[in-house]
Amino acid sequence: MDGWPFWHVTLTLAGTPVPEPDIRVGLERLSHDHPFLLSGRYGVDRAEIRYWEEGPDAATVVRLALELWDEHRISSGLPDWEVVGVEVLDRETFRRRGRVSLPPVSLVGVSPF
């Protein structure tokens, strides 16, 4: 097997309300910084991003997910929100749940909840 497997990540963040246009623009910038971003949904006090991450195991991918927002917060203009949820699924589990991937956010954009 070449490389590590891909894992589907759903990261949910929440915090002090910000104007919706600010979070939308921040998520769009994040999609350029993190090209595997699949979808972004947002409200004034909450955001959810879904993406694929490569890693040796779920524990490693969870650690990477917990760091993603803070690593890109300043460069993407994201609010200082906290992670309130993380889900990491291997590809087989993702498919068994009947989920399908979307094109990258840069192609479809982000949307409100």
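# Burial, charge pairs and strand order

Glu 48 is buried, with a relative accessibility of 12%. Buried means a relative accessible area under 20%, exposed means over 50%, and partly exposed covers the range in between (1.4 Å probe, protein chains only). The model is predicted: local features need a pLDDT of at least 70 and side-chain atom pairs a pLDDT of 80 or more, while totals for chains, interfaces and linings use all residues. Residues are numbered from 1 along each chain as its sequence is written, and side-chain values rest on heavy atoms, without hydrogens or water.

## Salt bridges

Glu 48 has a charged partner. Arg 41 forms a salt bridge with it, and their closest N and O atoms are 3.2 Å apart. The term requires a side-chain nitrogen of Lys or Arg within 4 Å of a carboxyl oxygen of Asp or Glu. The whole structure holds 6 salt bridges. Among them are these:

| Salt bridge | Closest N and O atoms |
|---|---|
| Glu 28 and Arg 24 | 3.4 Å |
| Arg 41 and Glu 48 | 3.2 Å |
| Arg 73 and Asp 80 | 3.8 Å |

Arg 41 is partly exposed at 33%. Glu 28 is partly exposed at 28%, and Arg 24 is partly exposed at 30%. Glu 28 and Arg 24 are 4 residues apart in helix H1, so about one helical turn separates them. Arg 73 is partly exposed, with a relative accessible area of 24%. Elsewhere, shared partners join Arg 41, Glu 48 and Arg 50 into one salt-bridge network.

## The sheet

Strands and helices here are DSSP runs, numbered from the N terminus: helices (H or I) have at least four residues, strands (E) at least two. Two strands pair if DSSP finds at least two bridges between them. In general, strands of a sheet pair through backbone hydrogen bonds, either parallel or antiparallel.

What is the strand order of the open sheet? The sheet has 5 strands, ordered S4-S1-S3-S2-S5, and the pairing is mixed. S4 and S5 (111-112) are the edge strands, each pairing on one side only.

Start at the S4 side. Strand S1 (residues 6-14) and S4 run antiparallel, joined by 8 bridges. Across this pairing, Leu 11 stands opposite Val 86 in S4.

Move on to S2 and S3. These two run antiparallel and share 5 bridges. They form a hairpin, with 3 residues between the strands. Tyr 42 has Ala 47 in S3 as its bridge partner.

S2 also pairs with S5. Here the strands run parallel, and 2 bridges join them. Arg 41, the salt-bridge partner of Glu 48, stands opposite Ser 111 in S5. S2 is largely enclosed by the rest of the structure, because 5 of its 6 residues are buried.

Helix H1 lies across S2 (37-42) and S3, and runs at about 170° to S2. Contact is counted for heavy atoms within 4.5 Å. Axes are lines fitted to C-alpha atoms, for helices over the stretch in contact, with angles from 0 to 180 degrees between N-to-C directions.

H1 spans residues 20-33 and includes Val 25. Val 25 is partly exposed, at 27% relative accessible area. Ser 76 is 51 residues away from Val 25 in sequence, yet the C-alpha atoms of the two are 8.1 Å apart.

## Aromatic pairs

A pair of aromatic rings is described by the distance of the centres and the angle of the planes. Rings of Phe, Tyr and Trp (its six-membered ring) pair if their centres lie within 6.5 Å; planes under 30 degrees apart are stacked, over 60 edge-to-face, and the rest tilted. The count by this rule is 2 aromatic pairs.

Trp 52 and Phe 94 form an edge-to-face pair, because their planes stand at 75°, with the ring centres 5.0 Å apart. This pair links distant parts of the chain: Trp 52 is in strand S3 (residues 46-54), Phe 94 is in helix H3 (residues 91-96), and 42 residues separate them. Trp 52 is buried at 11%, and Phe 94 is buried at 4%.

Trp 69 and Trp 81 are stacked, with 6.2 Å from centre to centre and 5° between the planes. Trp 69 sits in helix H2 (residues 58-76) and Trp 81 in the loop between H2 and strand S4 (82-90), so the pair ties together parts 12 residues apart in sequence. Trp 69 is buried at 1%, and Trp 81 is buried at 4%.

Trp 52 has a charged neighbour too. Arg 91 lies over its face, 5.2 Å from the ring centre. That label needs NZ of Lys or CZ of Arg within 6 Å of the ring centre and within 35 degrees of the ring normal.
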